[in-house]
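Please have the model open while I talk.

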Amino acid sequence: MTNSFTTIPEPGSPEWEQWLTVTSPLLPELEELLPLLQDMLSRRWVTNQGPFVRQLEEELRTRLDVGSLALVTNGTSALELAIRSCVEEGEVICTSFSFPATWNLLVDNPRYQPVFVDIGEDFNIDPAQVEAAITPQTRAVLAVHAYGYPCNHEALKRICDAHGLALLYDAAHCFGVRVRGRGIGRWGRLSTFSFHATKVFNTLEGGCVTAAEPGVLEEVELRRNFGFRPGEPQKYFGQNAKMDEFRALFGLVTLRHLDHAVKVRAEISATYLERLGALQLDGLVLPTDRLLSPDIQHNHAYFPIRLESRGEEIRDRVFEELRGRGILARRYFSNLFSSSPLYADLQTSGSLPRTRKATQEILCLPIHHQMTQGDCDRVVS
Ligand code: T4K
């Protein structure tokens, strides 16, 4: 088996089917899509806040346990709309242990100055580092719930309230995550989700902005439609971030299968914890505490392990060994922004030692709804 996995084949080919990928999109059957697709075609209404978009917004408001929810084209647009509608200008404190989507707007738009601070052992922004980085120019904190594991919201809220800062959450990984029974999308002034194909719930591409209270997303709703409501004067410089009817109906059908998919993911997670834990390997750190916390209802979007060492050598070797056996793990998030010339002039609060260490040690193992216990054995062995 070892020698047959050399180059990654074309998706859909028989060789591709032998590979175990970090995730696999949750997809409906064609027969389930057809009646809704037929409805859309007969209505000839395919975008601009159509009936399927409105229905999906309604269903997701309930499922995510939030007061307001606006669907958009992807998680990146969700972030941009949330930032633009809450922060006029100034410094925004955030973490670099994430995907570039989190900070692209902050780095690229001259009205903002991102200030990167270090993470804690939980991969999330460290509240003490946030507090130390506040200046008279600070306007907001943008925190990421890495892997869907909740940030220390109490501490972040206390700091933001005390300093009059907007608290925003990049909840791209968090679909369905609840803390003490309530949806995580209620936290902060606004939260943003991604419905990309690689996420637990997907609309091919897609995303949303959420808030705890009803009726507070007017600016986001206008900005996703060029900054105006039809028939009214333009109020903002917006963008086109509208979700179309096809992706909304795709999401409505996919939702029917979500509970089962998360159940399978939870089983895979439990097997990894048990089997990898039993190995008692020095330097292998599992997300046990987070996964077993009784306060958190997880979505098992990722299974991040740490391979502790003095550099990335061990992690990269494990990554390559797995790849040689047809297992495509992922080093989310290993591209430390400071390694790219794009970020040469960036303002950071110190050298971010814990972020650097995490980027060298992290490895996300395959976890998805199509995996079997046999697949789990293959990874563990
Ligand atoms: N904030 C955070 C914290 C994020 O992580 C992200 C996105 C965002 C914001 C922005 O949200 P979006 O604008 O994307 O909605 C993926 C995703 O493209 C990206 O959405 C995600 N985070 C990031 C962490 O990962 P890649 O480069 O890993 O995707 P790719 O194409 O290599 O796919 C990984 C595996 O998934 C493949 O090996 C096989 C499987 N796959 C993938 C696709 C696209 C399939 O089986 N079918 C597919 O169609 O980036």
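Predicted model: local features only at pLDDT ≥ 70, side-chain atom pairs only at ≥ 80, totals over all residues.

Sorted by class, the contact of α2 with α8 has nine nonpolar, two polar and three charged residues. On the α2 side, the residues that meet α8 include Phe52, Leu56 and Leu60, while on the α8 side Leu249, Leu252 and Leu255 are among those taking part.

Turning to the sheet, we have three strands in an open arrangement, with the order β8-β7-β12 and antiparallel pairing. Because β8 (182-183) and β12 (296-297) each have a single partner strand, they stand at the edges, and one side of each is left without a neighbour in the sheet. Strand β7, residues 178-179, is joined to β8 by two bridges, the two strands running antiparallel, and valine 179 is found opposite arginine 182 in β8.

Finally, how many salt bridges does the structure hold? There are 23 salt bridges, and one that I would pick out is between the side chains of arginine 354 and aspartate 126, at 2.5 Å from N to O. Since arginine 354 lies in helix α12 (residues 353-361) and aspartate 126 in the loop between β4 (112-117) and α5 (127-133), the pair ties together parts that are 228 residues apart in sequence.

Note on methods. Residues numbered from 1 in each chain as written. Heavy atoms only, no water. Pairing = 2+ DSSP bridges. Helix = DSSP H or I, 4+ residues; strand = E, 2+ residues; numbered from the N terminus. Contact = heavy atoms within 4.5 Å. Nonpolar A, V, L, I, M, F, W, Y, C, P; charged D, E, K, R; others polar. Salt bridge = Lys/Arg side-chain N within 4 Å of Asp/Glu carboxyl O.
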